[in-house]
Amino acid sequence: MKVPFEWLSEFVVIDMDPQDLALKLTMCGLEVEGTEKKAPSCNGVVVGKITAIDKHPNAENLVLCMIDTGRESLPIVCGAKNVAVGDKVPLAAVGAQLKDGFVVEKKKIRGIESPGMLCSEKELGLSDDHSGIFILPDECRVGRLLHEEPFVQDVILDINIPPNRGDCLSIYGIAREVGSILDQRAKLPIFNLETEANKKGKDFVSLKVLNTDACPRYVLRMINGISIKTSPFWIRNRIIKCGMRPINTIVDVTNYVMLELGQPLHAFDYQRIRGKRIEVRLAEQETTFRTLDGNERKLLQGDILICDGEGPVALAGIMGGENSEISETTQDVALESAYFNPLYIRKTTRRLGIKSEASLRFEKGIDIDNVGFAAERAIFLMNRLSGGAIIKGEREVYEKKELKTLFITYSHINGLLGTHISQQDITKILRSLDLHIKKEGEEGLFITIPNFRHDINEPADIIEEISRLYGYDRIPATRPISPLSAQKRNAREIALGTVKEFFKGAGFFELINFAFFSEKDIEYFLIPPSDERAAFVGIANPISREYAVMRTFIAPGVLKSIAYNINRGAKNLRLFEKGKVFFSKEGAPCERFAVCFAITGREAEFFWRDKYNDYDFFDIKGIMEGLMGAFGITFFPQKTSEPFLNPQRGVDIFVDGTKIGWIGELREEIVKSYEIEQSIYCAELQFDIILQKMKLEVQYHPIPRFPQVTRDFSFFIDDSIPVGMLMDKIRGASPLITSVGIFDMFRKEKRSVSFRVVFQSYEDTLKDETVNRLQEIIIKELTNINGISLRA
Amino acid sequence: MDIDVLQERVNKELSSIKTIDDVRKVRISLLGRKGVFSEYIDNIKLLDKGKRREAGQEINTLKLRTENRLQELEDSYAAEEKKKKDAASWIDITMPGKAPLVGKKHPITQTLDEMVRIFTSLGFSVAEGPDIELDYYNFEALNIPADHPARDMQDTFYIQDGVVLRTHTSPVQIRVMESQLPPLRIIAPGTVYRCDNDISHTPMFHQVEGLMVDKNVRFSDLKGILSMFVQDMFGKDTPLRFRPSYFPFTEPSAEVDIGCVICGGTGCRVCKDTGWIEIVGSGMVHPQVFRNVGYDQEEVTGFAFGMGVERIAMIRYGIDDIRQFYYNDIRFLSQF
Ligand SMILES: [Zn+2]
């Protein structure tokens, strides 16, 4: 809320500058988000006084004003009609600067030289009003620079009011807080209501409230014979400074009093109230109603309506109706000041999506005890600004409720805060907040909560009040009393740690993408409808179509990141992402962790000494092998069934017969859907299954004391025979074989593959004949297979 | 036996030496077991007894001279060879080195890991909850009923009636309290979602929630724990302040500000000229929340806190646009 410092000072004495006050408010829970200095955007404009007005000899619609500047008398040509002898006016003499940097020059107007000009509010940057010369308040001193006049200067505090503090949505409400902080009591405005003695409200309008739960208090007051005008500068200025727009004397007063006291008001054109009757009731059935913004609103049972003799005239607390709206010609006004139950208002505003300054306050709860006073205040101001006669007495329905009383012990207060605040300090703080101490006991206090504090409902709320005014900075910082116990990391934390460490060590960058993608991604990846990855969880109110559903797998996001980087010149990428994926299982959303990684391009663009090959399948497969190794998991690759992988260069990964993921080259057309022109090798794994299968405990094996023996074998092998199977066969040939590797592969009509086999015994030094025998066995086993022959 | 012939032979062989290998060959042919000198020495015994001594002496002197000469030659050739070798091992040490493959964790992950480390050291363990959450856990159990004004503070993504993407990690508090009895000391790091997308908001971001419930947990303990966190995360001398605030699920509530690290407190765009940056929302667990999970609020008290990981990472690294975290530009990722 925007709070003009000048207005605030009407209610409390503030003997500090706005910045210091802002800090104090912030530290008591009303965070001041900013302060804005307000001053007219002019320079060199002085306060002048009109001493004489003469006709312009050459123009009928111009006059010649003699202006006393305190030092001299200047004849100024003026076209406005609103000036009179004796008025104080802003004079911009030659050289003075106005809004937007406009500099006043000497000018001949219809043959008469004018050494300056008189200014409107708009020219001074004070408002949008350009209807006439800005007539200054009488307290301005002739000869003084206008921008030094106190009435145009101000500092506006922008205060972030907590959502539970509706009582602070007014200048007076803020003043009450300032009073608590500065140990004063905020003063309500004092005025004297002069009423027309022989006319009584009850002769003009009848009032009935049919549901006092929805509307426990309703006040109507009347003022007759007014004339609607533009409000004086001081009212308009305050309304503008609070961020609202001035309209006319009647509407401005309702807004002004709402800003001042926090009570939203509504003015009806009395002559348009049919049957001279006001009835507050709940809508009984669905109906439509045109609010004053011109919109047709659908009303439902339970909305609070203000009705006249024939039907609704206002949507209570939210917006008036077009049918009873104030117009320029309104003469008699019926003013409503009421308390509407916040629950009803919230329900209606939420449904209709209307947010007005009034509903905002009703929703949070206003001060029911202030309803009558606010009506008097508004009627007084209307009378002052628009004339007319105030009708004596108000029509009122008021169902009073007893105030809440809470009991709180001193030990509860200090025990929860960890403080030693004295009983005197506690009672002093409570009193400064208008929290009435009903009874003071040995152990604690009975406290009555005033009606404006809707946020205080239980002892903890009172402790908050005490702590924030006592000052959070005075509360010590302590170590908890309870002892520390060692914390065990859970399995997922540990496993995620392994993933992060592995990929960091393997030269991968981690990505974090939004967990949303679009149905298009599922389509691009050719996921069939029967696949669980097509059973997405949709968002009812997404920010865009691109992010309309929860991702069912991570790869599309990784692909988008790859495209983003390639478009910015990075062609060689090693990327991984871990995170949740989401599915709809029989209509219920479920989620689990997944890991995706991808490589594209090559290890580096160049190094002067070496030559790099582009990544291929065996690069990504090696990474998968390394990752699985880190988890102690043995996996089995099988020919892929994934529709998005190049079938020649993709495998599905199985562990203990369960598929946990896939690796391979993405199909060219899929990569192209993401506008990528280069080959992408990618993999994705279900993390939750890894969690079940992983073996992270390390068991030490003694280092063998005997030397190992290495033998190489080369075979011609038909393409139809998978080498992986042969490696398994060799490995299985003897427990003395500790490793089998492929050190060469080339093609010369037939495929030649060279194996390097390491033999190792833990018991003794291997004898030549033992190794020779094993070598024979290996050669025999392999060459027995159709399509394999030993290479000489 | 002619010493002069021997001398001549020696001279001839020595002058034929061109390399260190020649030195070795000549040494063998002259001084080896079957070399020229051996032959001469063997032949001494064929001489007259009177001449033997003199001839022996002459041969020995010549042998010694030859040995010395050969050693000289060997040393000089060896030095020459070493020099050549040294010259051949020359490289231009100013050529660029080969960069190893270096991977990086995302700055959000790095920051999150650091936060978890600190709270783990303070005795908190990690808890988890779902991203797709029931309205009850995300709002109602946290004392935010359907028509509560605080719902306006958060723009919620809805999945279906009663199911939302969690707008904060606070529902984990409820899930933990429903399934465990006090004492509790947990943190819940995780992804949260709000229907917001501009220079200072992303529709998804990260939070770390904290909860401690036990007998006699005090507001002063909350100050203590969060002060320790801030000092560990941002440095011992980081100014910090606790300021009253409002959250529906804590009472009293506090916001924690740290001195602006960008401007040092003099005021800048990041701290909106206040010199302070808000990093934590916190407070004592609201009695209604305890009632909702069936804890006896006469028996236990507790505090809870929540902080945005992106915000802390932004402060830590001086990043001014939150969206940078989600472009995944490697020129960005490689900086951390
Ligand atoms: Zn700053």
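Helices (H or I, at least four residues) and strands (E, at least two) are DSSP runs, numbered from the N terminus. The structure is a predicted model, in which local features need pLDDT of at least 70, side-chain atom pairs count only at pLDDT 80 or more, and totals for chains, interfaces and linings use all residues. Residues are numbered from 1 along each chain as its sequence is written, chains are lettered from A and ligands numbered from 1 in the order in which they are written, and side-chain values use heavy atoms, with hydrogens and water left out.

**Exercise 1. Backbone geometry**

Task: Determine where B:Pro252 lies and which kind of peptide bond joins B:Glu251 and B:Pro252.

Solution. 
- Step 1. B:Pro252 is placed in strand 8 of chain B.
- Step 2. The bond between B:Glu251 and B:Pro252 is cis, with omega about -5°.
- Step 3. A further cis bond runs from B:Pro182 to B:Pro183, with omega near 5°. B:Pro183 belongs to the loop between helix 7 (171-179) and strand 5 (184-193) of chain B.
- Step 4. For context, most peptide bonds are trans, and most residues other than glycine have a negative phi.
- Step 5. A:Asp656, which is not a glycine, has a positive phi of about 50°. This residue sits in the loop between strand 33 (645-655) and strand 34 (658-666) of chain A. Its relative accessible area is 57%, so A:Asp656 is exposed; here buried means under 20% relative accessible area, exposed over 50%, and partly exposed in between (1.4 Å probe, protein chains only).
- Step 6. B:Asn143 is likewise not a glycine and has a positive phi of about 70°; its place is the loop between helix 6 (135-138) and strand 3 (158-160) of chain B.

**Exercise 2. Cysteines**

Solution. 
- Step 1. A:Cys140 is buried, at 2% relative accessibility. B:Cys271 is also buried, at 2%.

**Exercise 3. Salt bridges**

Task: Identify which residues are linked with A:Arg453 in a network of salt bridges, and examine pairs within the structure.

Solution. 
- Step 1. A salt bridge is a side-chain nitrogen of Lys or Arg within 4 Å of a carboxyl oxygen of Asp or Glu. The whole structure holds 82 of them over all chains.
- Step 2. The network comprises A:Arg165, A:Asp167, A:Glu177, A:Arg453, A:Asp455, A:Glu465 and A:Arg468.
- Step 3. Between A:Arg453 and A:Asp455, the closest N and O atoms are 2.9 Å apart, and both residues are buried.
- Step 4. A:Arg468 pairs with A:Glu465 at 2.8 Å, N to O. Both lie in helix 11 (residues 459-470) of chain A, three residues apart, about one turn of the helix. A:Arg468 is buried at 4% relative accessibility, and A:Glu465 is buried at 2%.
- Step 5. A:Arg711 and A:Asp768 form a salt bridge, with closest N and O atoms 3.9 Å apart. This pair links distant parts of the chain, 57 residues apart: A:Arg711 is in strand 36 (residues 709-717) and A:Asp768 in helix 19 (residues 768-783), both of chain A. A:Arg711 is buried, at 17%, whereas A:Asp768 is exposed, at 52%.

**Exercise 4. Nonpolar cores**

Task: Name the residues of the largest nonpolar core that touch the most other members.

Solution. 
- Step 1. A nonpolar core is a set of buried Ala, Val, Leu, Ile, Met, Phe, Trp, Tyr and Cys residues joined through side-chain atoms within 4.5 Å.
- Step 2. The largest core has 126 residues, of which A:Phe525, A:Met550, A:Leu666, B:Phe305 and B:Met307 touch the most other members.
- Step 3. Helix 8 (residues 219-234) of chain B contributes the largest share of this core, eight residues.
- Step 4. A second, separate core of 55 residues includes A:Val12, A:Leu169, A:Ala267 and A:Ile390.
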